[in-house]
Amino acid sequence: MLTPRLTRRLATLAACAALAACSNKIQWRTDNIDGLMPTLEFHMTDDAGKTVTAQAYRGKIVLLYFGYTNCPDTCPTTLAKLAQALKHTKNHGAGMQVLFVTVDPKRDSISHMHAYVRSFGPWFVGLVGTPDELLELTKRYRVTYSYGKPDKDGNYEVTHSSAVFVFDGSGHARLIMVPHDSAEAITADLDQLAAQAGG
Amino acid sequence: MTRLAVLLVSALFAVNAWAAGVTVSGAWIRHLPAGVPAGGFFTLHNQSKHAIVLVGASSPDYATVMLHQTVERGGTSKMMPVHRIEVPTGGAVTFRPGAYHLMLMHAKHEIKVGSKIPVTLMLFDGAKVTAQFEVRGPTAR
């Protein structure tokens, strides 16, 4: 027979079970890569001309993206999407940083990168490396890039990995975002990542 | 004299071969700073009685305009030149970020966001269609 006492007990059990289930089921709308890639490490020069390592960005959520400024479509399309995603996060992108690493250091000087990244918003930092620094960082995250044949005017395209790697405040690789991920999905996941950090 | 007049008029038509029944909508340019190439986007509608083939583009405000396509494959992005795009009668083709796009290179003067730039689309048979493209900033989508 269902006494009031028994009913209450059953209700408590059900509530505990539901809560336990909720806390284990964090849903991500982009790809969860927790534990699959190494901690963020690099040695580069930022678009203000300062030498920086990944340590400078600990405590922030970092979005790492590789591209080049002469890129007619993919790079500005991705950066514009990230700008929109960051703008709509709960804290308007505070505590978040996009690191745009050039895979075309021959054409992308520091001052050139500076003009380019700041046109997308305050969350963007440009990084330029020596050939060795770039090789080390791209190898670390298995990022590829290759140069096309120059045309008669010396212009060339660079084919490059299109993923955005997302790291939490401790530098742990947590998410990969790909071209078909919407700005809304990115905003949701960034907010969730920030909430986990207590931000 | 009449024959000459006919010849002249025909020549005029050949030179000014504006494409009848072919229109452009939603045309905009994504302008970027520091002199890097800009992207051009639009929809080309073919309401003529035959298929058309888009083969190129030009603008008085840029030294070179190319037809391009972004291809996503195996996690990499590649942007490739495109030499012809066929649009069947009654059909349309859309140039949008992440897909077909115009690559506009070496602007001849400072390009202002909010201004309008004429771009001429060239078809296989020599016909052309010109549209005013609205210039928007880097974060436009």
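Q: In which element of chain B is B:His106 found?

A: B:His106 is found in strand β8 of chain B. Helices (H or I, at least four residues) and strands (E, at least two) are DSSP runs, numbered from the N terminus. Before we go on, please keep in mind that this is a predicted model, where local features need pLDDT of at least 70 and side-chain atom pairs count only at pLDDT 80 or more, while totals for chains, interfaces and linings use all residues. Residues are numbered from 1 along each chain as its sequence is written, chains are lettered from A and ligands numbered from 1 in the order in which they are written, and side-chain values use heavy atoms, with hydrogens and water left out.

Q: What is the phi of B:His106?

A: Here is the general idea: most residues other than glycine have a negative phi. In this model, phi of B:His106 is near 55°, a positive value in a residue other than glycine.

Q: Is A:Arg142 buried or exposed?

A: The general idea is a set of cut-offs: buried means under 20% relative accessible area, exposed over 50%, and partly exposed in between (1.4 Å probe, protein chains only). A:Arg142 has a relative accessible area of 62% and is therefore exposed. B:His106 has 42%, so B:His106 is partly exposed.

Q: How do I get a picture of chain B as a whole?

A: Start with its elements: chain B has 1 helix and 10 strands, running α-β-β-β-β-β-β-β-β-β-β from the N terminus on. The C-alpha atoms fill a box of roughly 60 × 35 × 20 Å, taken along the principal axes. Of the 141 residues of chain B, 43% count as buried.

Q: What do contacts tell me about chain B?

A: Contact means heavy atoms within 4.5 Å. Among contacts in chain B between residues at least 6 apart in sequence, 66% join residues at least 24 apart.

Q: Which residues does B:Ile52 touch?

A: Not counting residues up to four places away in sequence, B:Ile52 touches B:Val22, B:Leu44, B:Asn46, B:Ile85, B:Glu86, B:Val87 and B:Leu123. B:Ile52 lies in strand β3 (residues 52–58) of chain B, and its 6% relative accessibility is why B:Ile52 counts as buried.

Q: Where does B:Ala99 lie?

A: B:Ala99 lies in the loop between β7 (92–95) and β8 (100–107) of chain B. Its relative accessible area is 22%, so B:Ala99 is partly exposed. Leaving aside neighbours within four places in sequence, B:Ala99 is in contact with A:Asp73, B:His68, B:Gln69 and B:Thr70. B:Ala99 and B:Phe41 are 58 residues apart in sequence and 9.6 Å apart in space, C-alpha to C-alpha.

Q: How many helices and strands does chain A have?

A: Chain A has 5 helices and 10 strands. Of its 199 residues, 49% count as buried. Among contacts in chain A between residues at least 6 apart in sequence, 72% join residues at least 24 apart.

Q: How do I check the length of a helix?

A: Compare its reach with the expected span, which is 1.5 Å times one less than its number of residues. Helix α2 (residues 74–87) of chain A has 14 residues and reaches 20 Å from its first C-alpha to its last, close to the 20 Å expected. Helix α2 of chain A is also mostly covered, with 11 of its 14 residues buried. Among them are A:Cys75, A:Leu79 and A:Leu82.

Q: At what angle do α2(A) and α5(A) pack?

A: Axes are lines fitted to C-alpha atoms, for helices over the stretch in contact, and angles run from 0 to 180 degrees between N-to-C directions. α2(A) and helix α5 (residues 183–196) of chain A pack at an angle of about 50°, with their axes 8 Å apart. Angles under 35 degrees count as roughly parallel, over 145 as roughly antiparallel, 65 to 115 as roughly perpendicular and the rest as oblique. α2(A) and α5(A) are therefore oblique to each other.

Q: Which residues of the two helices meet?

A: From α2(A), A:Lys81, A:Leu82, A:Gln84, A:Ala85 and A:Leu86 meet A:Ala183, A:Glu184, A:Ile186, A:Thr187 and A:Leu190 in α5(A). A:Thr187 has a relative accessible area of 10% and so is buried.
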